[in-house]
Amino acid sequence: MTSASGVEFTHRTGREDAGRPAYFMPEIMGSGVALFDRDGDGDLDLYLVQGEGPDRFFENRGPGIRFAEIAGTPGGGAYGMGVAAGDADGDGDLDLFRTGYGPDALLFNAGPDGFRVSGAEDWDDGWGASATFCDYDADGRLDLFVTRYMDYDPDFSCFAATGEQDYCDPTDVPGLPDLLYRNTGDGQFVEVGNEAGIAALPARGLGVVCHDFTGDGRLDFYVANDTEANHLWVNQGDGTFTEEALLLGAALSGFGRPEAGMGIEIGDLSGDGVFDILLTHFADETNTVYLAEPGIGFVDGSIALGLGTLGLATTGFGVALGDFDLDGFLDAVIANGRVARRPGESPRPPFFAQYEEAALVLRGGRERFEDAGAASPELSGRRVVGRGLAAGDLDGDGDPDLVLTAADGPARIFENVSDHDGNWLLVAARLPGGAPDHGAAVRLHTSAGTRVARANPGVSYLSSGDPRAHFGIPAGAAIEGLTVRWSDGSEEAFPAPPPNGVALVVRGAGTIHD
Amino acid sequence: MTEARALRRGGAGCLLALVALSAAACGGPEIPEVGSDGMEPAVREAIRGARDALAADRGNATAWGRFGMVLHAHRLAPPAGLAYAEAARLDADDHRWPHLHARLLETAEPARALGLADEALRRSPRFAPALALRARVLEGMGDDDAAEVAWEALHAAAPGSIEAPLALGRRRLLRGDLEGARTAFERVVERLPSSTAGWSFLAQVLLRTDDPEGAAQAAARARIAARSASLGATADPDPLLIAVEDLRADSHGREARARRAAASGDHDGAEAIYRRLVNERPGSADLHYNHGNALARLGRTEEAEAAYRTALSRDPDSSAAMANLANLLARSGRDGEADDLYRRSIASDPGHLPTLLGASSLHFQRGDLRQAERYLRNALERDPGHPGALQGLGQLLATAGRLGEAAETLSRALAAAREAGAAPGQLAGIHFLLADVERQRGRTAQARTHLTEAESLGMTIPPAFRALLEPER
């Protein structure tokens, strides 16, 4: 429904541009999307990162899914990759951080004047991938974690087993340390990766999520690394982190192998009230679920959840977990697309067609995921080089919609038209200043049980989704209350909001019903 | 999605079936044509060679199998599968062809791969790689009980397997049998101290058995292994798959073969491959560097020096090339040039361990113990458990007469070397140094113990030290 929505955007790789090296790796990695309420009017606006060329910004002009482009969007300069949304300068509105192959950039929200760019010279000029805002030191200011992919030289050529040139296998190129920027106030940031210990382990980082994985009240970072052990940076509370994924069972697959980590989502997939991790991977690898065992670590639950074979043939990137059909169980959508041609294939026009794959649509249930592609033929039946994916309620009807980006393809918006008889609740968890509290976790108590959801937009791949916690509530279940665990580790209980609306909860200030 | 994929696979299966049917009608299938546009000439040539050999003897199972292996080596899966199938049909006893066919389909079509593994095992019931493949596929398909039986079968057939105890440990961990899991993972790291997975799983078990200190130590070992060893060492080597990889004719495949040759001590073989590769890819600093290493190992010093210098002309900041060239020059007595290179390398990468070790060795040889010690301590700041650095420091301290510190440092070197799975020669060397230090400290019994250890590890004890052993005999 992209044209009807008013959003017309095609990722431009620049492959045919004069002087561009063949098989320039950033072009196959695609770019991301951010859903965020830029103008504070309660709906989600849309920012699309461009590879070669300026980014595009679309304002939500609902009812329904209708957008209008706002001209004059900055971006460009660096070859665009990812985007994260957060209140970087503490003024109550949402800013953006844009990563790229080349200088990253902070885009301050300048209200009616659009965006104001913080100097590119302030930021890293390597290959940035996913980023997330998150107040790791609990000082009330959003800090920033940026994954860096690899130390790539465009003149370095790579070849398939037949000797034909193709995009590089990640193992051909060394990784880079990720970056941690501490917010020192007024939108100023200082890179502290060395002091924090993050810089000690270079790797090919792609996805990142910020969450209190150890339950100690401090926000940690989990990083999906491509063809290397993943990192779980556990916050020590003194500005430093220790890497504990190998100790806690979230570094390698259940078979003990490093996998090609791309995108990350978190959600309660086992129904025990604790956040689990879902990672997307290369073909021949599962999309892997690390089930959390509180106080102990994680175990690979992919096969038990039905992911042993589902998605094994495709290469997953962006990922969205959400209760799309409002039945109380999390469903999943995975954007797929190859990074190399099939063995033995020679390049043929149209060039990127050989890298295309269809998205995977999975319906969650009490025990296992099932392939639900047949119910969403537009999503699962059309092959693209799928990359960024963000979920959010774009039309305000209470169910999550999707925005999918593709390398060398159009960004597409999928309105959720699932049949359902359930109810829903969106919870906007805000700090006293009005900005979303990234990293807050919301626990909803209903007569059908307790569910948790993140109020954190920084998931998936290169993208930023709806910052509000979304709950599907099975028909007949009644809301009994909700509890928020704020990003500073404190917990606060709130009375039951009515279903089918947005509950705005402000730390220390009670609930406002929308 | 699943449905669509099944249709595609069904379509491919029908195509193969049709070919097979026509084969039966005309005495054998057509030899598959493989489009070779864009392929590297060496790959085209390898495929053509195998195809011509097959065309000359179409009823020969081995020729079909060999053709399949060449295609498999270049990731040309559909025609490789066809070739393996015909090889298996022509020779109903040879387990290689159904096994390789199963490896080809292991992740893409697990159910078919399972049938082929069963066929390979019918032909050779204790063939460990097929037992392992069968177990992996069953586990991936979620058939836990059958997978467990299959892993046990592998364990029984191949007691030296790493993959079986790793898998059995994982399954015990999932079941909550922590003691059983611990035993299995301890077996893995004992056999393969560089197993990241083994240490990581062991850490997870220890964490669950309220041994946080042991867990942290195991996790630290996992991290070291992840930095320094192949993370992929979770599967036992499959000699048939290695044979397939050896048939890769593309330059990157040959490069991998050269690396394997060098690692196994076949420096002549490695040198020959690198010599051809540097001609094909003269701009690659890595290839010139590796060629230099092979030449240095063969004692062809002048050629090695030229190769390292070419590598540095391609990548002037390569610390590895600077360090190895400096080592070569130091061995030739060109200390000044070597020292300059070490300094350049350290300026480029202050934490480059081989450079720090080489520079220390140079200064040690020149009698500048203070500078040598400084380099070694820098190295140990970067990697406190580096066996080579600890051994070097122990030797240096002994030379400086700081015998107590030397004994303590060499004991740490011995523990680190054991943990890292060092070769017997290195362990023997550390025992010998310890024996000498203890002898100088007048601790004859301890000296004798270390000498005995060194001798048992294959070291020839110098005559001057033999007297120490005598009272034992």
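Reader: What makes strand β29 (residues 409-414) of chain A largely enclosed by the rest of the structure?

Author: In this predicted model, a residue is buried if 20 or more other C-beta atoms lie within 10 Å of its own. Five of the six residues of β29(A) are buried, so the strand is largely enclosed by the rest of the structure.

Reader: Why are strand β28 (residues 401-406) of chain A and β29(A) said to pair, and in which sense do they do so?

Author: Two strands pair if there are at least two bridges between them, and β28(A) and β29(A) have four bridges, in the antiparallel sense. A:Ala406 stands opposite A:Gly409 in β29(A). The two strands form a hairpin with two residues between them, and A:Asp408 in the turn has a positive phi of about 60°.

Reader: How do you know whether helix α3 (residues 61-73) of chain B and helix α4 (residues 77-90) of chain B are roughly parallel or roughly antiparallel?

Author: Their axes come within 8 Å and cross at roughly 160°. Angles over 145 degrees count as roughly antiparallel, and α3(B) and α4(B) are therefore roughly antiparallel to each other. The crossing of these two helices is left-handed, and by class their contact has 10 nonpolar, three polar and one charged residues.

Reader: Which residues of α3(B) and α4(B) meet?

Author: Among them are B:Trp64, B:Phe67 and B:Leu71 in α3(B), and B:Ala83, B:Tyr84 and B:Leu90 in α4(B).

Reader: How many residues does each chain give to the contact between chain A and chain B, and which helix supplies the largest share of the side of chain B?

Author: The contact takes 45 residues from chain B and 35 residues from chain A. On the side of chain B that touches chain A, the largest share, eight residues, comes from α11(B).

Technical notes: Residues are numbered from 1 along each chain as its sequence is written. Chains are lettered from A and ligands numbered from 1 in the order in which they are written. This is a predicted model: local features need pLDDT of at least 70, side-chain atom pairs count only at pLDDT 80 or more; totals for chains, interfaces and linings use all residues. Axes are lines fitted to C-alpha atoms, for helices over the stretch in contact, and angles run from 0 to 180 degrees between N-to-C directions. Angles under 35 degrees count as roughly parallel, over 145 as roughly antiparallel, 65 to 115 as roughly perpendicular and the rest as oblique. A crossing is left-handed if the near helix is turned anticlockwise from the far one by less than a right angle, and right-handed if clockwise. Two residues are in contact if their C-beta atoms, placed from the backbone, lie within 7 Å. Ala, Val, Leu, Ile, Met, Phe, Trp, Tyr, Cys and Pro count as nonpolar, Asp, Glu, Lys and Arg as charged, and the others, Gly among them, as polar. A residue is buried if 20 or more other C-beta atoms lie within 10 Å of its own, exposed if 12 or fewer, and partly exposed in between; C-beta atoms are placed from the backbone.
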